[in-house]
Amino acid sequence: MDFEYTEEQRLLRESLGRLLGDSYGFDKRKAYLAEPDGFGAAMWAQYAELGLLGLPFAEAHGGFGGGPVDVMIVMEAFGRVIALEPYLATVVLAGTALGHAGSAAQNEAIVPQIADGSLRLAVAHGERQARYDLADVMTTAKKTGSGWRLDGSKSVVVHGDSADRLIVSARVSGDRLDPDGIGLFLVDSKANGVARRGYKMRDGTAAADIALSDVEVSGADVLGDPTNGLATVERVTQAGIMATCAEAVGAMETMLTMTLEYMKTRVQFGKAIGENQALQHRATEMMMSLEQGRSLAMLAAIMVDDKDAEQRARDISTAKVGVGQAARFVSQNAVQLHGGIGMTEEYAVGHYFRRCMVIEHSFGDTGYHLSKLAAAVA
């Protein structure tokens with residue numbers, strides 16, 4: 001299979017690499033973390049200027065018509081610098097929900113605002129009791145004339161603290177675990193009855209717990225069929241896995257580069273530790289894990305839009321497991337080979353390690369997806 005990038009994709013990779021290389025050093029990242037929203041507002045504006053925010057959306061709706069491989073390139077680049085901006089939340093997750101369930105009118109109204117950077121969204125689906133079960137939804141939506149009233153709560157909504165609008169899943173019918181009867185609703189984050197508690201996850205990424213109490217939503221703000229939203233949630237989750245697999249590959253690249261450089265310069269007992277054959281073998285194993293992870297991230301990007309739902313789910317879970325295992329191996333060894341300095345807050349490698357661990361537990365951890373794969377072949 002041909003994995004060569006097109007000329008446009010190579011230019012995208014190079015231009016984004018230059019931007020992040022100039023604007024996203026480790027010290028600058030710490031400064032972005034300290035900004036009110038927990039990311040670089042100026043960087044978000046530059047992403048808009050570069051066309052990244054409209055990249056995967058249809059040209060008919062104001063986007064640039066890019067595909068999953070283009071998103072993979074962007075997320076790899078973000079992983080190399082562990083970027084903090086809400087690209088995953090707004091463009092990948094919310095964008096996928098709009099693409100699969102949004103009407104033409106909704107996309108035409110919302111996509112241009114995403115593309116120019118003036119509108120940020122977050123998908124609020126996970127709930128405290130659900131763990132990784134996508135059908136486990138207790139938040140309710142009750143019909144009120146031409147609209148709906150939402151009640152419930154959502155947990156660990158990535159960038160939900162700074163989003164202008166939320167895409168909220170809520171049950172319109174059925175029992176707690178019923179796969180049918182789940183709808184998706186566009187909610188203004190400042191609407192009456194919406195309460196947000198923002199916090200930083202272990203890797204510094206912003207998130208929020210969201211409570212909804214008698215939140216009124218109009219009929220025009222329903223995404224797709226209000227009884228069949230789970231299919232869209234599944235596609236959103238698969239897109240999130242694809243994107244974070246690519247991000248993990250970028251993070252692994254940087255950790256390997258940092259580790260090799262450290263092994264060349266760290267002197268013990270009169271010689272660089274990189275001259276130790278056992279450590280050379282360890283670094284080689286890290287490189288092999290990285291390349292295996294890269295291949296699986298490519299598989300996820302190729303398969304995320306496949307029309308065969310069963311094959312798509314299997315391949316996405318396969319990528320999730322393989323990249324998660326690779327990222328754990330590379331990040332743990334990067335910290336270990338750096339010794340004590342690898343554990344300090346001032347040194348970058350520990351931050352990459354934490355980001356990889358958060359990625360591994362996002363959208364279902366390794367054990368969960370291994371169980372899914374086992375059940376598929378049983």
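Let's start at one residue: setting aside neighbours within four places in sequence, Thr 237 is in contact with Leu 134 and Phe 363. Keep in mind as we go that this is a predicted model. Thr 237 belongs to helix α7, and it counts as buried because its relative accessibility is 13%, under the 20% cut-off.

Move along to Gln 238, which is also found in helix α7. With a relative accessible area of 11%, Gln 238 is buried too. Its side chain has a polar partner: the side chain of Arg 312 sits 2.8 Å away in a polar contact. Again leaving out neighbours within four places in sequence, Gln 238 is in contact with Val 304, Arg 312, Ala 313 and Ile 316.

Now let's look at the nonpolar interior. In soluble globular proteins, nonpolar side chains tend to be buried together. Here the largest nonpolar core has 90 residues, and those with the most contacts inside it are Leu 20, Tyr 24, Tyr 47, Phe 78, Tyr 87, Ile 167 and Met 252. Helix α7 turns up again, giving the most to this core with 18 residues. Apart from this core lies another one, made of 19 residues, including Ala 122, Leu 150, Val 194 and Ile 210.

For a look at one member of the 90-residue core, take Tyr 47. Not counting residues up to four places away in sequence, Tyr 47 touches Leu 19, Leu 20, Tyr 24, Leu 52, Leu 53, Phe 78, Ala 83 and Glu 85. Among these partners, Leu 20, Tyr 24 and Phe 78 are also on the list of residues with the most contacts inside the core.

Our last stop is helix α11, which covers residues 366-377. Its 12 residues reach 17 Å from the first C-alpha to the last, close to the 16 Å expected at 1.5 Å a residue. Which residues of α11 are buried? They are Thr 366, His 369 and Leu 373. Seen down the axis of α11, these buried residues fall within an arc of 75°, so they line one face of the helix.

Technical notes:
Residues are numbered from 1 along each chain as its sequence is written. This is a predicted model: local features need pLDDT of at least 70, side-chain atom pairs count only at pLDDT 80 or more; totals for chains, interfaces and linings use all residues. Side-chain values use heavy atoms; hydrogens and water are left out. Helices (H or I, at least four residues) and strands (E, at least two) are DSSP runs, numbered from the N terminus. The expected span of a helix is 1.5 Å times one less than its number of residues. Buried means under 20% relative accessible area, exposed over 50%, partly exposed in between (1.4 Å probe, protein chains only). The arc is that of the directions from the helix axis to the C-beta atoms. A nonpolar core is a set of buried Ala, Val, Leu, Ile, Met, Phe, Trp, Tyr and Cys residues joined through side-chain atoms within 4.5 Å. Contact means heavy atoms within 4.5 Å. A polar contact is a pair of N or O atoms within 3.5 Å; within protein, one must be able to donate a hydrogen and the other to accept it, and residues adjacent in sequence count only if both atoms are side-chain atoms.
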